[in-house]
Amino acid sequence: MATANDDEILEGFLCPICKADLKSASQLTNHFESLHQEDQDVLKSLKDIFGKAKTIILNNDNADLKETFARALKFNYQDYYDEEQVIGVSRSSTDYFKGVRFSRLERYATETNKLLIRLDKLICNMPSDPHQRKIHEQDAVPWLDGSSVNLCPNCAKPFHLTRRQHHCRLCGSILCHDCSVFLDIEVAKTIINPSAPKPVSNPELKLTEKNGLRLCEHCYNLIKLRKQVQETRNTKTELVTAYEEMRSLMEQAKPAVAMYEKMCQSLFDGETTYNMSDVNAMRGRIGKLAEGIDLLSKQIVSFPAEPGTRQARLQNAIRQAAGHYIKEDLLSLRKLPTEAQIEEVRRQRYERAEKQIQMERERMERERQRREGAPGAAPPPASTPAGAQHDDDDDNPLLEQMNIIRGYIKEARQELRFEEVAILEANLKELKKEYKLQKLSSRS
Amino acid sequence: MNVIQAVKMYITKMTEESGPGMKVILMDKETTSIVSMVYSQSEILQKEVYLFERIDSHAKWDNMKHMKCIVFIRPTSENIALLSRELRDPKYGVYFIYFSNVVSKADIKTLAECDEEEAVREVQEVFADYLAVDRHLFSFNIVGCLQGRVWNQQHLQRVSQGLLALLLSLKRRACVRYEAASEPCARLAERVRDLLRREAVLIDNSIPYNGELPPTQLLIIDRRNDPVTPLLSQWTYQAMVHELLTINNNRVSLAHVPDVPKDFREVVLSSEQDDFYAKNLYSNFGEIGQTIKSLMEEFQTKAKSNQKVESISDMKNFVEQYPLFKKMSGTVTKHVTVVGELSACVGRHKLLEVSELEQEIVCQSDHSKHLQRLKALLADGALRDSDAARLASLYALRYEKHAGQGVGAALELLRARGAADGAPLAALEYGGAHARHGDLFGLQDAVKITNRLFKGLNGVENIYTQHTPPLKDTIEDLLRGKLREAQYPTLGGDDGRRPTHVVVFVVGGATYEESLCVHQINKANPGAKVVLGGTTIHNSASFFEEIKSAMQGVHRTHTKHIRNV
C-alpha cells in the first residue's frame, strides 16, 4: 500500500498529517491534539480506534483478574538494583587434580594392561581338559618356582599336605587356597570382549577351579576396577533411554513455544503473515509434545524401584519436574483471539492505512492547488483505482515467481515450519510490491 | 552488590557446567542451607537436579552410575575425609566437585589419590560461603559468636572465611575498617586482612583493578555498642514475623498454631519466590492488613463471578483461569494465615502497650513516668515473660546511670511473676554504658536533646516506630566520609576517598530493623550500594542467647550495686 509518490512504506504510530513517528499511541494523540487542532474529527476517529483495539488486544474480561493479582503481587526491583552483576570469582584446581591422579593411575594402568593381555591369552582357546588347561595356563604366564617357599606370602601360614601351594594365573605368584580369589571365566570373557553376551549372574553358584580363574587379591582388584570403569561407560538403562527421549521432547518444545508466542502476537497485531489454522496447528503440536513428555515421565515413574530408595525418589522427582514443566511452560500458553477479533483488528489496521492515504492525497491536492495558484483547475486523478486494469501479462516472470512462492508457503504450512512461512511471506510481499511498481511504470 | 544473585549465579554455574543428564547434588549441612536460601526446589528441578543428598548421611547406598553428581561442600577436614571415602567407591557416574571456599593443595592431592575410577571431571572453588538472606543482607547463622567476651575460635575462622568469600563472590577489592573500641572486631578485621593477603594472587588475577573508584569498605562493628535495637518490638512485616514466629533460613513454622491448614505447618517466606512477600517485606503491620483485606475482597468478588458457570464458554473461561487462581489463592492464604497469627499474638500479649512503652523509654526521657508504667506492665499477667524481660532490660540500659533508677524493683517484679531475672543484668553487663562508645540514647548531642524534648511535647507521628537504629548514622557518616578514623580505623591506612560500596558486618548479629534501614539508605542514595551482614539475624530471643553466651563465666563487675537475689 504505497502512497502515490513515495515507494517507501512507513510504519509505526505516524501522524497522518505531518508523518512524524510518535512511538506510542498516547504520544500520537497528544501530538495531534496540540499541533493539529484543526483536524479534530480525525483525532476522534483515532481515539476510537485505539480504544477498540485496546479492549480487544488486552482481552479485557480475562485480564482484570490477572491485573488484580499482578498489582498485588508483582514488585519492581529496578528501583535501586540497577547495577549489572557478573558472576563472582572462582578458581579451578582440575588440572592439578588430574595431574596427581594421572601420575598415580599410570602405574596401575600399565600393570592392568599387562594383566589384560595375559587374561586374553589365557581365555582364548582355553582347553577344557584340566591337565591340558594347566599346561596352557603355564604357557601364558610362567609360574614362580615354589620349591623354596614354605609359607604363604599373603597370610604367612605354612604350606603342608592340606594347605597346598597354588599360583595366581595372572602374575604367577604363589598363594594358599584361602588367599585366592576366583574370577568367573564367563565374566573374564566380557572383560576381554565387551560385546560378548553378558553372562547370567547366578550368585548361588560357587566359583571353583573349574569355572573360575584362580587369582591373587592384587590382580583381582585391578581387573575388577577396570571392569567397573568399563561398565559405567557402557551402561544405558531403560531409565536413561526414556529420560533422554523426554529431554529431547522438551528441547523441541522450547522453540515451538517461542514460535507460538510470536505467531500469536502477530495475529493480535493484525498482521496477515500467519492465519488462525496455522496457530491452531502449532498449538496442537505443542499439545502433542506435552502429551509425549507426560507419557514418558509416567513411564519413568512406573519403572520398578523399591519404595524409599534413591532410585524411587529419583523417578518421582523426574515426574514432578516434568509435570511442573508442562504446567508452567506448555499449558500456560496465551489464549488465541477469535476470528471476529482478528477480523476487527485487521479491518481497523486497513482503515487506518486507508485514511492515511486519503489524507496524504488531500494534503498533496491542497499543496498543488496552492502552488498552481489556480483554484479552479480540475485536479487530474491521482491514480486509477486498482483492478481497472486487467492482467494481460500472465507470463510475467514476477507472477510466475509469486506462484512458486505461494506453493512453497503451502508446503511449509503443512509441515508446520513456520519460520519458513514468515520468510516466504515476506518475500511474497516484496514481489507484490515490485509487481505493482512495474505495472505503474509500464502504464506511465 | 546483590548477594542473592551472587550465590544464585554460582549454583547455576554448577548445574550448567555438568551438561545435560540426571543430576544429584551432594552437600553438607551448611551448603544445604546456602543453596536453599536462593533456590526453590521446583526451580532446581528444572535444572535437572533431581536428588539432594547429604555427604554425611549414612543411608544405604544404591548404585546410581547413570547420574552425574555435583558435590558442593565446605572445605572442612571432615568433608574431605567423607568425600575421599565416596570417591574410593563412587556411587555415581561422574563427579563435579565445588568447594565453597579456599581448599588446600594437600586436600586436593588426597582426593586425587582416591579417585582410582577417574570419576572426577571438575574440581573448583566457588565462593558461595554465606547465607544470602536478602538482596542486601547475609548471615552465618551463628548465635553465640563470643564466649566469655572473646571469639570462639571456630566461629572466628568461619566468619573470616565467609567474609573473604563474600568479597570474592561480589568481585570487590576491599579495605577493612573496624570499631576500635571492640577487641573482637579488631581480631576479625586482622583475620580477614590476612586471608585477603594470602589470596592476593587470586584477587589480582580475577578482579580488575580500577584506581578511579574508591575501594569497597568492609566495616566491622560490634553489637555491644547497640544492644537496644534487637530488644525492641517490631512492626514491619519481615521483622515482626521474625520476632514473633522466628524465621529460620526463610522458613517459618506455624505448627503450633491451632487449626492451621496442613499445607501451612511450615511456610517459606522468600522475597525471591514470593512476590507478595517481596512487595510487603517492609510494609508496616497496619498497611499489610489493609493490603490483604483489599486483596481478599477483590479475590472474593472475582471468585463469585467465576462461580456462575452457565454456558460452555463460561466453563472454558473458568478452567483456563483455574491454575492461576489456585496459585494465587495459595499465596494469599499463606499470608492470611501468617498475618492472622501475628495479630493474634499482638492482641493476646498486649504487644501494642509493650511496644509503646519500649519506644518511649528508648526515645524520650521521663523517668518517673516510665518507671511507673514499667511496674504496671511487669505486674500484668497477660504479658509473656520474655516481653517482661525485654522491657526490664531496655529500662535498665536506658536509666543505668539515673539517680533514682529502679532496676532492683523491676527485677523483683520479674521474680514475682516467676520469670528469670538474669536477663536485664546480663544485658547491662553486655551492652551497658561501659561497653558502648556511641551516644546510644542521644544524651550528649544538643540537637538530639532538643529533638527529644520536642517529641515529648508535640507527640510523634507513629508512637510505635520512633526508634531508628544508630547503624543508620554510622553508615551515612561512612558514605559522607565523616566516620572518624580514630573510632573506626582502616587497616593499612585510609584511602581518603568517600566510599560508594560498603559492606557492614555486625559481630554479634544484625537485625531486620537494620536491614530495613540499609534498604532505605540504598534507595535514597542511588550511587551507594550497602550490604549488611551479621553473625546471625537476631530477634530478641536469639539475642538473649547471644548475651548469655558472650557473658558466660564473666563476673559481674558493672552491676554489683544492683541488689538481686
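**Entry 1: the sheet in chain B**

I looked up Val252(B) and found that Val252(B) stands opposite Val267(B) in S14(B). This is a predicted model, in which local features need pLDDT of at least 70, side-chain atom pairs count only at pLDDT 80 or more, and totals for chains, interfaces and linings use all residues. Residues are numbered from 1 along each chain as its sequence is written, while chains are lettered from A and ligands numbered from 1 in the order in which they are written.

Strand S13 (residues 251–253) of chain B pairs with S14(B) in the antiparallel sense over three bridges. For pairing I took the rule that DSSP must find at least two bridges between two strands. Helices (H or I, at least four residues) and strands (E, at least two) are DSSP runs, numbered from the N terminus. The sheet is open and has three strands in the order S12-S13-S14 (chain B), with antiparallel pairing. Strand S12 (247–248) and strand S14 (266–268) of chain B are at the edges with a single partner strand each, so one side of each has no neighbour in the sheet.

**Entry 2: totals for the two chains**

I noted 13 helices and five strands in chain A, and 21 helices and 18 strands in chain B. Of the 444 residues of chain A, 16% count as buried; of the 565 residues of chain B, 46% do. My cut-offs were: buried if 20 or more other C-beta atoms lie within 10 Å of a residue's own, exposed if 12 or fewer, partly exposed in between, with C-beta atoms placed from the backbone.

I then looked up contacts (C-beta atoms, placed from the backbone, within 7 Å). In chain A, among contacts between residues at least 6 apart in sequence, 62% join residues at least 24 apart. In chain B, residues 24 or more positions apart account for 82% of the contacts with a separation of 6 or more.

**Entry 3: chain A against chain B**

I found 52 residues from chain A and 63 residues from chain B in the contact. On the chain A side, the elements that each supply at least two residues are helix H3 (60–73), strand S1 (90–92), helix H4 (94–123), helix H7 (217–234), helix H8 (238–268) and helix H10 (310–330). H10(A) gives the most, with 11 residues. The chain A side divides into 24 nonpolar, 16 polar and 12 charged residues. In this count Ala, Val, Leu, Ile, Met, Phe, Trp, Tyr, Cys and Pro are nonpolar, Asp, Glu, Lys and Arg are charged, and the others, Gly among them, are polar.

A strand pairing also joins the chains: S1(A) and strand S5 (residues 120–126) of chain B pair in the antiparallel sense over three bridges. There, Arg91(A) stands opposite Glu125(B) in S5(B).

**Entry 4: two helix pairs**

I checked helix H12 (residues 397–414) and helix H13 (residues 418–443) of chain A, and their axes come within 9 Å and cross at roughly 165 degrees. H12(A) is therefore roughly antiparallel to H13(A). Axes are lines fitted to C-alpha atoms, for helices over the stretch in contact, and angles run from 0 to 180 degrees between N-to-C directions. Angles under 35 degrees count as roughly parallel, over 145 as roughly antiparallel, 65 to 115 as roughly perpendicular and the rest as oblique.

Residues that meet include Leu398(A), Met402(A) and Ile405(A) in H12(A), and Val421(A), Leu424(A) and Leu428(A) in H13(A). The residues of this contact of H12(A) with H13(A) divide into 12 nonpolar, three polar and six charged.

In chain B I looked up helix H9 (residues 237–245) and helix H20 (residues 512–524), which pack at an angle of about 170 degrees with axes 9 Å apart. H9(B) and H20(B) are therefore roughly antiparallel to each other. Gln238(B), Ala239(B) and His242(B) of H9(B) make the contact with Tyr512(B), Glu513(B) and Leu516(B) of H20(B).

**Entry 5: loop residues in chain B**

Glu118(B) has a phi near 50 degrees, a positive value in a residue other than glycine, and lies in the loop between helix H5 (105–114) and S5 of chain B. Glu118(B) counts as partly exposed because there are 16 C-beta neighbours inside 10 Å.

Leu483(B) is in the loop between helix H19 (471–480) and strand S15 (501–507) of chain B. Leu483(B) is buried, with 21 other C-beta atoms within 10 Å. Leaving aside neighbours within four places in sequence, Leu483(B) is in contact with Thr474(B), Asp477(B), Leu478(B) and Tyr488(B).

Methods:
Contact = placed C-beta atoms within 7 Å.
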